[in-house]
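Open the model in your viewer and keep the selection tool at hand. The stops below say what to select and what is there.

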Amino acid sequence: MAPRQSTPPAVLACGEIRTCLLPARQALDIRSAAQLLGLRPGERVLLSERPGLYARSPDTLTGVDCPLPSANGARVRAVGTVTAHAALTEGRVLQTSAHCRLPGTGPDQRRPWGEYLVRPGVVEPLGKLPHEAVAQGVLGGPRHGDLDVGLIADGLLTRVLRHPLLDQRPPFRSRPTRLRWAALPAAPGEGPSLERFTLAEDELRTVRLRVPEGTSDAGIAALCDDLALHDWLLTTVVRMLDGLRLGAGAAQDADAVVRTLRPAVDHLLHLWMPGARVGRRLAALWDPLEERPGFTRQWQALVQRIRDQLTLHAIPAAHREVEPAP
Amino acid sequence: MLVFAASDKGGTGRSVTSANLAYQRALTGDHVAYVDFDFGSPTAAAVFDVPGAMRGTEERGLHSYLEGETAEPVRIDVWRQTEHPLLRARPNQSGRLVLLPGDAGGGEFATGEEALERCVDLLLKLNTEFDVTFVDLSAGRSYAVDMVLAATAHPRMSNVPFRWLVFHRWTRQHVIAASGLVHGDHGIIGGGVLSGHDEDTLRAAVRFVRAAVPDPESAVWSQGSTAQATWMQARDEALRRLAAEHRIGDSVVLGIVPLEPILQWHEQLITEEDVLSTQIANKETLDALEEIARRLTDDTHWGRL
Ligand SMILES: Nc1ncnc2c1ncn2[C@@H]1O[C@H](COP(=O)(O)OP(=O)(O)OP(=O)(O)O)[C@@H](O)[C@H]1O
Ligand SMILES: [Mg+2]
């Protein structure tokens with residue numbers, strides 16, 4: 001078998017991201033972040049301090065050889081490698097992100113490993129790829145045994161969370177989220193677009209995109225990492241506010257309110273920076289989300305509520321309750 | 001906080017009582033997880049009335065997770081999935097109540113290094129998400145007990161607070177057995193020390209719950225003869241002396257759950273409606289459960305004695 005020169009262009013890219021609070025009392029500084037994310041000796045961790053502290057691990061590759069999930073029951077086998085990385089924002093929010101791209105056709109028979117290894121992050125179908133059905137299958141959740149990039153993201157998260165640097169004392173209780181994405185080709189001449197953003201379950205989001213041919217899957221992954229980060233921030237702060245028993249009016253309430261909301265101020269409110277790490281072309285995909293449901297508008301309303309609550313409860317209890325005039 | 005529920009004998013009321021404690025904590029607004037590590041009989045789901053997992057889940061349960069066959073064990077949102085009509089309307093201001101079931105027909109299995117690491121991963125993850133995590137352990141000095149003793153002694157867990165509740169019935173045999181489980185040569189304390197726990201610290205984190213205790217004063221027994229009443233009083237006194245001699249006396253008891261007729265008939269959660277509206281359950285039972293749930297995190301009831 002003569003080695004192939006190139007693969008056809010990708011017609012589908014997909015990935016999954018896990019986002020959680022770093023289980024450590026103090027946010028990590030840039031040096032500790034580099035230690036935490038130094039997954040491969042000798043390979044540098046990407047560090048940037050502007051805008052905001054951000055660290056990203058080198059990519060890891062995971063070999064896969066399994067059927068692809070699909071909505072129409074087609075069982076297409078695919079072989080290749082999935083790319084994954086871990087990232088830490090402001091030393092506080094940890095994400096792991098796994099993704100791959102799939103060409104429209106692949107060799108009819110499995111090729112030697114070496115051929116797949118020279119194409120990191122590419123998973124090739126045996127034969128033709130029913131890309132619409134597979135995209136739907138990916139977003140719907142793979143069955144046991146199917147290609148599951150979420151498992152790869154989860155495995156990497158487990159690995160990072162075992163790092164001895166973490167004292168396992170998170171400053172508040174929170175829930176991790178998962179974001180699954182799939183990107184299909186845009187119609188010729190069309191720019192990138194965000195077709196759907198859904199809150200599938202309590203902690204699962206799905207994103208369906210259209211991108212022009214040639215859009216790098218690393219770029220799409222960066223956009224989705226960013227969406228996942230901000231969605232997690234919103235979700236987490238909403239839950240903090242939900243946890244309050246407002247209006248009970250007892251003096252002890254003030255303590256509880258401050259105890260619940262303080263961590264948002266200390267650890268989360270300064271992290272809101274949508275689009276900051278996304279290429280200009282793809283950053284435009286934030287726009288529809290800003291219009292509806294209006295991510296930043298929601299965020300600002302939450303921030304205002306938190307500030308109001310904290311101001312209100314910093315005032316001694318005696319002045320807070322106004323007796324109705326007789 | 002992690003709360004391990006243990007008992008020496010089977011059928012002591014460990015699962016039913018700890019499920020009720022989990023429910024009570026969730027009612028007060030805590031996010032609560034209930035982990036079914038009772039590998040022999042994964043029945044906690046029955047108490048919460050979640051039908052799919054009545055006898056453990058079909059796949060992706062805790063055994064599969066610990067054995068590395070599944071990355072994330074199934075979670076059941078009790079408020080959403082219970083068939084109990086009162087629980088379905090999630091009580092106002094309650095926290096989450098999530099059950100992690102065992103696998104159907106899982107049984108006990110030998111623990112290895114990797115299973116231990118995975119157990120630590122799971123407990124740490126739950127601890128970041130939930131205010132209280134209850135872990136129901138198989139009866140006796142089981143693998144499950146050994147595994148969580150090793151897990152809590154693991155360096156990664158050194159900042160995670162945990163407490164033990166040891167359940168027993170109020171008879172001679174049960175008192176002696178419960179004491180043996182904790183203080184005996186091969187008990188929780190001894191085993192914990194071998195796993196790397198500090199003896200005093202571990203002992204300070206163990207309390208006892210006497211389950212299904214007939215209260216001689218209660219109306220339930222008032223129909224009996226004076227001779228019966230006198231006899232019961234005397235037995236009760238003798239048992240308390242026996243418990244004290246075996247180092248499980250009143251000072252290390254977190255609470256006493258009275259014998260509750262409806263629990264003898266049916267493993268279930270006791271709701272306020274059961275006491276106030278339909279009056280099928282006794283108020284004393286609910287009071288006791290509420291009080292034990294409260295004391296779980298009240299430091300004045302814990303520590304060295
Ligand atoms: N306070 C109580 N009053 C009367 N019956 C009770 C009480 N608490 C529990 N029971 C009943 O005792 C029986 C055993 O309880 P449970 O199943 O909780 O025990 P267990 O210790 O978990 O047993 P196993 O080791 O088999 O898992 C059940 O039928 C339960 O309903
Ligand atoms: Mg049980």
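Start with the shell around ligand 1: select helix H1 (14-27), strand S8 (253-258) and helix H12 (261-265) of chain B, each of which supplies at least two residues of that shell. Helices (H or I, at least four residues) and strands (E, at least two) are DSSP runs, numbered from the N terminus. H1(B) gives the largest share, three residues. The model is predicted: local features need pLDDT of at least 70 and side-chain atom pairs count only at pLDDT 80 or more, while totals for chains, interfaces and linings use all residues. Residues are numbered from 1 along each chain as its sequence is written, chains are lettered from A and ligands numbered from 1 in the order in which they are written, and side-chain values use heavy atoms, with hydrogens and water left out.

Now show the residues around ligand 1. There are 18 of them, and B:Ser15, B:Val16, B:Arg169, B:Leu263 and B:Glu267 come nearest; a residue counts as near if one of its heavy atoms lies within 4 Å. By class the shell has six nonpolar, seven polar and five charged residues. Here Ala, Val, Leu, Ile, Met, Phe, Trp, Tyr, Cys and Pro count as nonpolar, Asp, Glu, Lys and Arg as charged, and the others, Gly among them, as polar.

Which atoms of B:Gly11, B:Asp38 and B:Pro258 lie close to ligand 1? For B:Gly11, a backbone N or O atom is 2.8 Å from an oxygen atom of the ligand. For B:Asp38, a polar side-chain atom is 2.9 Å from a ligand oxygen atom. For B:Pro258, a backbone N or O atom is 3.0 Å from a nitrogen atom of ligand 1. Ligand 1 taken alone exposes 630 Å², and the protein buries 85% of that; accessible areas come from the Shrake-Rupley method with a 1.4 Å probe, and for residues only the protein chains shown count as cover.

Select B:Gly13 next, in the loop between strand S1 (2-7) and H1 of chain B. Leaving out residues up to four places away in sequence, B:Gly13 touches B:Phe167 and B:Arg169 (contact means heavy atoms within 4.5 Å). The C-alpha atoms of B:Gly13 and B:Ala211 are 6.1 Å apart, although 198 residues separate them along the chain.

Move to the contact between the chains, which takes 24 residues from chain B and 20 residues from chain A. The area buried there is about 1700 Å², with 43% given by carbon and sulfur atoms; buried area is the accessible area (1.4 Å probe) that two parts lose on being put together, summed over both.

How many salt bridges are there between chain B and chain A? The count is six, where a salt bridge is a side-chain nitrogen of Lys or Arg within 4 Å of a carboxyl oxygen of Asp or Glu. One to select is A:Arg162 with B:Glu114, whose closest N and O atoms are 3.5 Å apart. On the side of chain B that touches chain A, helix H6 (residues 113-129) of chain B gives the most, with nine residues. That side has five nonpolar, six polar and 13 charged residues.

For a salt bridge within one chain, select A:Asp65 and A:Arg110; their closest N and O atoms are 2.8 Å apart. A:Asp65 is in strand S4 (residues 60-67) of chain A, and A:Arg110, 45 residues apart from it, is in the loop between strand S6 (93-103) and helix H2 (113-117).

Finish with the backbone of chain A. A cis peptide bond joins A:Arg50 and A:Pro51, with omega about -10°. Another joins A:Arg292 and A:Pro293, with omega about 5°. Last, A:Gln168 has a positive phi of about 60° although it is not a glycine.

Definitions and conventions. Polar contact = N/O pair within 3.5 Å; in protein donor to acceptor, adjacent residues only side chain to side chain.
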